[in-house]
Amino acid sequence: AVVFDQIAPTVPQLFGSPSEFEEIFNDNQLEPGKTVVLSPYANNVPPILEEYWIKLAERLKAMGMSVCTNAFGEQVPILCTPKVELPFCKLGRFLDMAGYLVSRRSGFDDITHSSLCRRVEVYPEKIYKRSLVATTAECFSYTENPITVGKDNIDDCIEETISQLGL
(Lines give C-alpha, C1' and ligand atoms only; values in the text may rest on other atoms or scores of the structure.)
Protein backbone atom coordinates (compact mmCIF):
# COMPACT_ATOMS: atom_id res chain seq x y z
CA ALA A 1 0.00 0.00 0.00
CA VAL A 2 1.18 3.51 -0.80
CA VAL A 3 1.35 5.91 2.10
CA PHE A 4 0.83 9.32 0.52
CA ASP A 5 2.11 11.40 3.42
CA GLN A 6 5.49 9.66 3.00
CA ILE A 7 5.88 10.67 -0.64
CA ALA A 8 7.89 13.85 -1.05
CA PRO A 9 6.29 16.43 -3.35
CA THR A 10 8.19 17.29 -6.51
CA VAL A 11 8.66 20.78 -7.83
CA PRO A 12 8.60 21.11 -11.62
CA GLN A 13 11.99 21.88 -13.07
CA LEU A 14 12.37 24.98 -15.18
CA PHE A 15 14.50 24.75 -18.26
CA GLY A 16 15.97 27.12 -20.78
CA SER A 17 19.13 29.16 -20.81
CA PRO A 18 19.20 32.96 -20.82
CA SER A 19 20.97 32.91 -24.20
CA GLU A 20 18.20 30.76 -25.71
CA PHE A 21 15.58 33.22 -24.51
CA GLU A 22 17.63 36.23 -25.62
CA GLU A 23 17.55 34.79 -29.13
CA ILE A 24 13.75 34.45 -28.99
CA PHE A 25 13.40 37.99 -27.68
CA ASN A 26 15.73 39.39 -30.36
CA ASP A 27 14.16 37.41 -33.23
CA ASN A 28 10.70 38.71 -32.28
CA GLN A 29 11.65 42.30 -31.32
CA LEU A 30 10.63 41.69 -27.71
CA GLU A 31 12.14 43.55 -24.79
CA PRO A 32 13.01 41.61 -21.62
CA GLY A 33 11.12 42.98 -18.62
CA LYS A 34 8.76 44.94 -20.88
CA THR A 35 7.01 42.13 -22.73
CA VAL A 36 3.39 41.11 -22.21
CA VAL A 37 2.68 37.52 -23.18
CA LEU A 38 -0.91 37.00 -24.28
CA SER A 39 -2.25 33.48 -23.78
CA PRO A 40 -5.71 33.43 -25.37
CA TYR A 41 -6.18 29.67 -25.81
CA ALA A 42 -7.72 27.16 -23.40
CA ASN A 43 -9.57 23.89 -23.67
CA ASN A 44 -12.07 24.22 -20.83
CA VAL A 45 -12.97 27.92 -20.64
CA PRO A 46 -14.98 29.46 -23.50
CA PRO A 47 -13.13 31.94 -25.72
CA ILE A 48 -12.63 35.61 -24.94
CA LEU A 49 -13.73 37.98 -27.70
CA GLU A 50 -10.90 38.46 -30.21
CA GLU A 51 -11.55 42.22 -30.15
CA TYR A 52 -10.36 42.31 -26.52
CA TRP A 53 -7.03 40.68 -27.37
CA ILE A 54 -6.42 42.87 -30.44
CA LYS A 55 -7.28 46.13 -28.66
CA LEU A 56 -5.22 45.11 -25.62
CA ALA A 57 -2.18 44.37 -27.79
CA GLU A 58 -2.56 47.71 -29.59
CA ARG A 59 -2.87 49.63 -26.31
CA LEU A 60 0.12 47.89 -24.73
CA LYS A 61 2.25 48.62 -27.79
CA ALA A 62 1.17 52.28 -27.70
CA MET A 63 2.43 52.33 -24.08
CA GLY A 64 5.87 51.13 -25.25
CA MET A 65 5.47 47.50 -24.26
CA SER A 66 6.32 44.60 -26.54
CA VAL A 67 3.63 41.96 -26.98
CA CYS A 68 3.65 38.33 -28.13
CA THR A 69 1.18 35.45 -28.20
CA ASN A 70 1.70 32.09 -26.52
CA ALA A 71 0.30 29.62 -29.07
CA PHE A 72 0.90 26.02 -30.09
CA GLY A 73 0.58 24.11 -33.34
CA GLU A 74 -2.10 25.60 -35.55
CA GLN A 75 -3.19 28.22 -33.03
CA VAL A 76 -2.70 31.65 -34.57
CA PRO A 77 -1.18 34.61 -32.77
CA ILE A 78 -3.21 37.68 -31.92
CA LEU A 79 -3.11 40.16 -34.82
CA CYS A 80 0.21 42.05 -35.07
CA THR A 81 1.96 39.95 -32.40
CA PRO A 82 4.60 37.29 -32.93
CA LYS A 83 3.84 33.69 -31.99
CA VAL A 84 6.04 32.23 -29.27
CA GLU A 85 5.81 28.45 -29.09
CA LEU A 86 7.85 26.89 -26.30
CA PRO A 87 7.62 23.56 -24.49
CA PHE A 88 5.85 23.84 -21.14
CA CYS A 89 9.07 23.23 -19.21
CA LYS A 90 10.53 26.47 -20.61
CA LEU A 91 7.53 28.75 -20.27
CA GLY A 92 8.11 29.68 -16.61
CA ARG A 93 11.57 31.06 -17.25
CA PHE A 94 10.42 32.76 -20.44
CA LEU A 95 7.66 34.53 -18.48
CA ASP A 96 10.17 35.55 -15.80
CA MET A 97 12.23 37.23 -18.51
CA ALA A 98 9.18 38.73 -20.27
CA GLY A 99 7.74 40.25 -17.12
CA TYR A 100 3.99 40.08 -17.78
CA LEU A 101 1.23 37.61 -18.68
CA VAL A 102 -2.45 38.03 -19.61
CA SER A 103 -4.16 34.67 -19.92
CA ARG A 104 -7.48 33.05 -20.48
CA ARG A 105 -7.52 30.69 -17.50
CA SER A 106 -6.17 27.27 -18.46
CA GLY A 107 -3.69 24.59 -17.46
CA PHE A 108 -1.05 26.96 -18.80
CA ASP A 109 -1.61 29.05 -15.66
CA ASP A 110 -1.10 26.00 -13.45
CA ILE A 111 2.13 25.09 -15.20
CA THR A 112 3.54 28.63 -15.05
CA HIS A 113 2.12 29.75 -11.70
CA SER A 114 5.55 29.76 -10.06
CA SER A 115 6.78 32.39 -12.52
CA LEU A 116 7.67 35.74 -11.02
CA CYS A 117 5.91 37.67 -13.80
CA ARG A 118 2.93 39.95 -13.13
CA ARG A 119 -0.17 38.09 -14.32
CA VAL A 120 -3.82 38.78 -15.02
CA GLU A 121 -6.52 36.18 -15.67
CA VAL A 122 -9.44 36.89 -17.98
CA TYR A 123 -12.71 35.01 -18.30
CA PRO A 124 -15.58 35.20 -20.81
CA GLU A 125 -18.63 37.24 -19.89
CA LYS A 126 -20.90 34.22 -19.75
CA ILE A 127 -19.45 32.53 -16.72
CA TYR A 128 -20.80 29.03 -16.85
CA LYS A 129 -21.44 27.19 -13.63
CA ARG A 130 -18.79 24.52 -13.12
CA SER A 131 -20.88 23.04 -10.36
CA LEU A 132 -24.13 23.86 -8.62
CA VAL A 133 -22.42 26.40 -6.39
CA ALA A 134 -19.57 28.12 -8.23
CA THR A 135 -18.65 29.77 -11.52
CA THR A 136 -15.51 29.02 -13.54
CA ALA A 137 -13.78 32.09 -12.09
CA GLU A 138 -14.76 31.13 -8.54
CA CYS A 139 -13.47 27.59 -9.03
CA PHE A 140 -10.20 28.29 -10.81
CA SER A 141 -9.04 31.86 -10.31
CA TYR A 142 -5.68 32.51 -8.66
CA THR A 143 -6.62 36.16 -8.12
CA GLU A 144 -9.25 37.92 -6.06
CA ASN A 145 -10.33 40.08 -9.01
CA PRO A 146 -10.46 38.08 -12.23
CA ILE A 147 -11.53 40.11 -15.23
CA THR A 148 -14.73 39.11 -17.03
CA VAL A 149 -14.74 40.27 -20.65
CA GLY A 150 -17.94 40.84 -22.61
CA LYS A 151 -18.83 42.67 -25.81
CA ASP A 152 -20.16 45.67 -23.85
CA ASN A 153 -17.19 46.15 -21.50
CA ILE A 154 -14.08 45.54 -23.62
CA ASP A 155 -12.57 48.99 -23.14
CA ASP A 156 -13.17 48.89 -19.37
CA CYS A 157 -11.61 45.42 -19.21
CA ILE A 158 -8.53 46.62 -21.10
CA GLU A 159 -8.08 49.45 -18.58
CA GLU A 160 -8.54 47.02 -15.68
CA THR A 161 -6.05 44.58 -17.23
CA ILE A 162 -3.44 47.31 -17.58
CA SER A 163 -4.11 48.46 -14.02
CA GLN A 164 -3.77 44.93 -12.60
CA LEU A 165 -0.49 44.51 -14.52
CA GLY A 166 0.77 47.61 -12.72
CA LEU A 167 1.36 49.55 -15.95
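This is a predicted model: local features need pLDDT of at least 70, side-chain atom pairs count only at pLDDT 80 or more; totals for chains, interfaces and linings use all residues.
Start with helix H6, residues 154–165. The helix has 12 residues and reaches 16 Å from its first C-alpha to its last, close to the 16 Å expected. Its buried residues are Ile 154, Cys 157, Ile 158, Thr 161, Ile 162, Gln 164 and Leu 165. These cover an arc of only 165° around the axis, so they sit on the same side of H6. What covers them includes helix H2 and strands S1, S4, S5 and S6. Just after H6 comes Gly 166, with a positive phi of about 80°.

Now turn to helix H2. Here Glu 51 and Lys 55 are 4 residues apart, which means about one helical turn separates them. Their side chains meet in a salt bridge, 3.2 Å from N to O. Glu 51 is partly exposed at 41% relative accessible area, and Lys 55 is partly exposed at 29%.

Leu 79 lies between strand S2 and strand S3. Its C-alpha is 9.9 Å from that of Glu 51, although 28 residues separate the two along the chain. Leu 79 is exposed, with a relative accessible area of 52%.

The structure holds 6 salt bridges. One of them joins Arg 119 and Asp 109, at 3.6 Å from N to O. This pair links distant parts of the chain, with Arg 119 in strand S5 and Asp 109 in helix H4. Arg 119 counts as buried at 15% relative accessibility. Asp 109 counts as buried at 0%.

Technical notes:
Residues are numbered from 1 along each chain as its sequence is written. Side-chain values use heavy atoms; hydrogens and water are left out. Helices (H or I, at least four residues) and strands (E, at least two) are DSSP runs, numbered from the N terminus. The expected span of a helix is 1.5 Å times one less than its number of residues. Buried means under 20% relative accessible area, exposed over 50%, partly exposed in between (1.4 Å probe, protein chains only). The arc is that of the directions from the helix axis to the C-beta atoms. Contact means heavy atoms within 4.5 Å. A salt bridge is a side-chain nitrogen of Lys or Arg within 4 Å of a carboxyl oxygen of Asp or Glu.
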